[in-house]
Amino acid sequence: MEKDYIYMITELLGPTLEDLFNYCGRKLSLKTNVIVFSQIIERLEHMHGRGLIHRDVKPDNIMMGMYNKSGTVHMIDFGISRSYLNKETKKHIDFCTGKNLVGTARYVSINAHLGYELSRRDDLLTLGYVMIYFTVGALPW
């Protein structure tokens, strides 16, 4: 921190998964999908292991590395991520309803649309929708 400014330095990243998808004619090979999604699952497992949920998994929030790291997948935009653990008890937050939609409507889980409190399962459901999007080329809704 310098004076009134806070700086964050990150690695220079390449295209988003959406950009890559469009560049490749909206068709990714099965091998590419498996490699990319196995890395995303690892990233989510790492986050979840530290008590965090992303809450906005979508193609625009997944980026590829550059140069010698061009095969490495990076998750970005943690602006609406949060802990799924209660600060005092360190146990899973209580299930509740009546929540506002959080995330990108096109990809969020049905639980988000129903107003449920989001948890790890919703990151995985959302990733499933992203996987369908890249495998089929579109979502059915």
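Reader: First up, Arg26. Is Arg26 buried, exposed or partly exposed?
Author: Keep in mind that this is a predicted model. Arg26 is partly exposed, at a relative accessible area of 33%. That value falls between the 20% and 50% cut-offs.
Reader: Which residue forms a salt bridge with Arg26?
Author: Glu18 does. The closest N and O atoms are 3.5 Å apart.
Reader: And Glu18, buried or exposed?
Author: Buried. Glu18 has 13% relative accessibility, and the cut-off for buried is under 20%.
Reader: How many salt bridges turn up in the whole structure?
Author: Seven. One of them joins Glu42 and Arg43, with the closest N and O atoms at 3.5 Å. Glu42 is partly exposed at 47%. Arg43 is partly exposed too, at 24%.
Reader: What about Lys58 and Asp56, buried or exposed?
Author: Both are buried. Their side chains meet in a salt bridge, 3.9 Å from N to O.
Reader: Switching topic. Where is Leu118?
Author: Leu118 sits in the loop between helix H3 (110-113) and helix H4 (120-136). Leu118 is buried, because its relative accessible area is 9% and buried means under 20%.
Reader: What is Leu118 in contact with, leaving aside neighbours within four places in sequence?
Author: Ile53, Arg55, Ile93, Val102, Ser109 and Ala112.

Terms used: Residues numbered from 1 in each chain as written. Predicted model: local features only at pLDDT ≥ 70, side-chain atom pairs only at ≥ 80, totals over all residues. Heavy atoms only, no water. Helix = DSSP H or I, 4+ residues; strand = E, 2+ residues; numbered from the N terminus. Buried < 20%, exposed > 50% of the residue type's maximum accessible area, 1.4 Å probe, protein only. Contact = heavy atoms within 4.5 Å. Salt bridge = Lys/Arg side-chain N within 4 Å of Asp/Glu carboxyl O.
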